[in-house]
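Please look over the structure shown here before reading the notes on selected parts of one chain.

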Amino acid sequence: MSHSHTAQRREDLRLITGRGRYTADVNLPGQLHAAFLRADRAHAQIVSIDTAPALARPGVVAVLTGADALAAQYTQFPNLMAFTGRNGAQILKPERPVLATTAVRYVGETVAMVVAESALAAQDALDAIVIDYRDLGAVATVEDALAAGAPQLHANIPGNLCFEWETGDAAAVKQAFAKAAHVTRLKVITTRVAPSPMEPRGNLVSYDAASESYDIYTPSQGMVMLRKQISTLSGVPEAKLRVHTRDVGGSFGQRSGVYPEHGALMMAAKRLGRPVKWVGSRAEGFMSDAHGRGLGIAGELALDRDGKFLAARYEFLCDMGAYLTPTGSISHLRNPATLMTGVYKTPALYGSFKVVLTNTVPIAAYRGAGRPDIAYAVERLVDRAADELKIERSEIRRRNFIPPDAFPYKTPTVGVYEPSDFAGCLDQALKTADWQGFEARRAEAKQRGKLRGMGLSTIIEATGAGVFPKDQVAIEVDGDGKLTVYTVSLSSGQGHETTFTSVVADTLGLPHEAVTLRECDPAHDLVGNHTGGSRSMAGVGSVCKVAADKLIEQAKPLAAEELELEPSQVDYAGGAFKSRDSEKSISFVQLAKKLAGRQPHPMNTLAEATVGSTWPNGCHIAEVEIDPDTGVTEIASYVAVDDCGVVINHSIVEGQVHGGVTQGAGQMFQEEVVYDRGSGQLLTGSFMDYCMPRAGLVRDIDVGDHPLPSKLNAIGAKGVGESGCTASLPALANAMTDALRPAGVGHLDMPYTPSKVWHSIQAAKSKSRTQNG
Amino acid sequence: MTKIELTVNGTKQSREVEDRALLVDVLRDQLQLTGTHIGCDTSQCGCCTVHVNGRAIKSCTMLAVQAGGADIVTIEGLAKGDKLHPVQQAFTDCHALQCGFCTPGMIMAITALLKDNPQPTDEEIYHGLEGNLCRCTGYINIVKAVKRSAELMK
Amino acid sequence: MFEFNYVKAKSLTEAQTFVAAHPEAKLLSGGMTLIPTLKQRLAQPSHLVDIGGLPELRGIEVKGTQLVIGAATPHYEVASSPVVKKALPALAALANQIGDPQVRNRGTLGGSVANNDPAADYPAAVLALDATVVTNKREIAAGDFFQGMFATALEDGEIVVGVRFNIPKRAAYEKFPHPASGYAMAGVFVAEGAAGLRVAVTGAASGVFRWVEAEQALTKKLSADALEGLPLDEANMNEDIHATREYRANLARVMAKRALKKMLAQK
């Protein structure tokens, strides 16, 4: 497998010349436009709603409400929770009509939809809807939601607790803690954040009465998964749903689920017999696009006198928002459970989970989907233990790494890790980052009045195991020997048109330009997973190789016939079928041309494979410098050493690390979705208050790789999409903790905003004054 | 409603527009130039950046009527036939785009930046990109692309 | 946004007459504040009277001891003007930090000053330089002009025509930008002018204000340590999810020190 080093991607040309086709760019003849009335309060009963004044406005064709959602039975959202909880209980699922019926439960919830001849007319008419609410108490935090006597969001979910789960061995852990020489404890939170891909959400839905089928234009992360979810929500059979997507402006997990707006638009398109288009605003997005993270994790680590881990115990409080999204609950349970031991040998493990509903925007998977959260908790705990036991931070890790001879490593909870070289990644990162030389840099910074710190993280991820039983790839060959590869994954920036085609082309010994990728073509309905959980390259990407290999095997008899040989005497190499014993050969292109008369082309191939989780891992090291006068932190350097298995395209891997680390840095220093605790009002409703990373936050990253080919798929890839987030949250936090320690500051939760950092330094100063005074 | 005449990518255009219509909406909906994107509603993300009379402006924060008589260049007007503008070339050479949604606005902002400052330092580049958000790339390759553009345009 | 009628003024007189006759009309200059406001449906004017293109509202020139800038001059022109860079470089530097490049290509001095956003940059310079705001009706001293959050001395229909800045001996501006919006979380303009030492703070409180204690202390001793321990009314500072009032007060002090150091480094 040759590695591509060219940065230029196949998809670049249309995107840099403004010829991409995102959902808002699509228009259908006769289309109407929709605008949504959204709840302006966090928790209230809807006493009455009068849409007649809006219907009377110019250009308005219809106004839909919760009554329509009930009549259409669009009230049940899919949920991917695949296991039972405590005492064999199933997750308690709230009903969720696509337009609110009796109550609203978060600011931004869809209440009504105006459909009009123009977007402006629809917007204008929203004000005319008369709605009467009776306010109920709002609970914006998990603590408030779980408190005795708290207002209950859903009648079927007592105490707002919809699921409890545990994993591991509580008794073994208890025993280990009792005998431990030392116990380290730390409570951390991962803040609620807004994934904020640059393309706002929006859809266009058209209904064909004759076939009773829908065409749904939507951003997504994969056709099949979304179609299945839309089918569950609407009751419309999948065969009657065609999902169309061309270009997607980023997703990061936020587009992996069906939304109420999909259903509302379907209802309107069916009733009105015309396509209905909705383009969301960014403000709408902040109050209705799925949020991410939002876990509280209380961790305890038991160690022996040599700093070896004996046991670990975690309590997880998972905020899900007001309703369950398809991916939120499973990601925030399964991923932490699978990765609770981190890269360490921890003989006894136990985790308990509470899944809680609050009067806030529902939470779904967001880049990492629970992996950054558990990595953060584990790595902060390990650093703290190192501090308490006075063991050097890289050394305590080395002592506890799962050693190379222990793989495949069955963890005490869920999952079997594939071979990894944690010490190798660590060594490479320490060297690249000049870990040894740090104290001199800290001293120099101190002379300039700055606080400098260095921190590391060693982490591992389980990539998405797959929701579907297999990934299929179809290859079609044309009469000129050009190939089209069909999958149902969907790139939203990952460069599949470049990478998947290079896998096929390289396997066939053809120029990359000979192969084109079409993802999510409704006419090529395949079984396959969406793009998410870092699994695309290892999953469907590897099936591209399987398909190319299969194509060769299936074509050999056809080539043999042309060459008048036995198939067993034909080999394939360098783009041609060759006789083993003579000079006879026929190139791929020539064979394709020869066989062009037959339809379908005889060289067309359908292949499939089942690929489960792979295990990317690595070590990131961050060096930070704080200005104590302003509390501002500069990232002085950042080193990433990742084992993502075989690297198919180095530049794309680098880009994924750049993007993931910058999202991590955004969360660590400035991003946070903030609600007013009392009222549940959203305080960060735009980019004026939600601090997005800008150029210069992360100036450069030294991206290194330490690849151990995976044996779990045909191309040896492990995945890299989320490791930037998973490793950067703990690396940056550990660096900040290291920087603030000389100032007398202990553990500080994210985000490390200037105000918060400054206050922590002042508080430590006055505390030491009090103590010394 | 007002009748406006503008030059867009070298072609004279005449349209009837609502007074409240934003320039970005007229470009996208009436002129079918969908390369210019809308990414926010508080004039911060820069996805809508175009050139008006040679200056980079956010077309979501300008009324179409204000652009009457102006010379407008959008992303679609940057390449000359098959020949990419050096900034476009630099973007693909440096892997400075992933999903591509911020890219047109980013490229338009950068072409304008380099006109004012042909050899910017890193700090000047960060300052020059304050009006453009990207969620995918982490900006590192975008900054590289700016420097490569500066080289290509020497 | 709500519907309105757009009127492109052909002269200042025409604009003046129109807004007098239409009390629900609003003036449009660069639009960097007004258009986002309209997009959020926070205002519903009957008309927008576009004065951004009026030549009588443009221009940058030194007249005696003053730098005179027309109200419709965009920030990028002030930031890049050789006239401003020579006469009042601190003002060029300030203009170069407003918003972002695209905003600077449209936003104007007159718009900024008339709006008086508590976190805008220009008011700090206008106040610290004892500038005069010239309108179509009168001249207003800086000290009388700014009257609190989004409030100025301007009467209905009164149009800012330009600002006359007194050219100081030396001056400097230091700004701590809000990490999300780019507005000033604290911006301090320090100037040594004919009327004495001035320290104007924007972004930290409900409106731009002169830090009188700092001015007095620096008049006695012109050095950064003269600012140590000086009272700065924290109770008056803004507090929000991004910064406490104590932190903003701290920022005001730190920016004042940095501006002073920058100023003292000039001849």
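The report below covers a set of paired strands and a surface patch.

## Basis of the model

This is a predicted model, in which local features need pLDDT of at least 70 and side-chain atom pairs count only at pLDDT 80 or more, while totals for chains, interfaces and linings use all residues. Residues are numbered from 1 along each chain as its sequence is written, chains are lettered from A and ligands numbered from 1 in the order in which they are written, and side-chain values use heavy atoms, with hydrogens and water left out.

In chain C, strand β10 (residues 184-193) is mostly covered, with nine of its 10 residues buried (under 20% relative accessible area, 1.4 Å probe, protein chains only). Strands are DSSP runs of E with at least two residues, numbered from the N terminus, and two strands pair if DSSP finds at least two bridges between them.

Strand β9 (residues 170-177) of chain C runs antiparallel to β10(C) and is joined to it by eight bridges, with R170(C) opposite E192(C). Six residues lie between the strands of this hairpin, where G182(C) takes a positive phi near 85 degrees. Seven bridges join β10(C) to the antiparallel strand β11 (residues 196-202) of chain C; G187(C) stands opposite T202(C), and the hairpin of β10(C) and β11(C) has two residues between them.

## A negative surface patch

E213(C), D233(C), E234(C) and E246(C) form a negative surface patch; patch residues have over 30% relative accessible area and no salt bridge, with like charges joined within 9 Å. E213(C) is partly exposed, with a relative accessible area of 33%.

Key
Patch = residues over 30% accessible without salt bridge, like charges linked within 9 Å, V, L, I, M, F, W, Y side chains within 5 Å. Areas by Shrake-Rupley, 256 points an atom, 1.4 Å probe, with all protein chains shown as cover. Salt bridge = Lys/Arg side-chain N within 4 Å of Asp/Glu carboxyl O. Lys, Arg positive; Asp, Glu negative; His and termini not counted. Charge placed at Lys NZ, Arg CZ, Asp CG, Glu CD. Buried < 20%, exposed > 50% of the residue type's maximum accessible area, 1.4 Å probe, protein only. Helix = DSSP H or I, 4+ residues; strand = E, 2+ residues; numbered from the N terminus.
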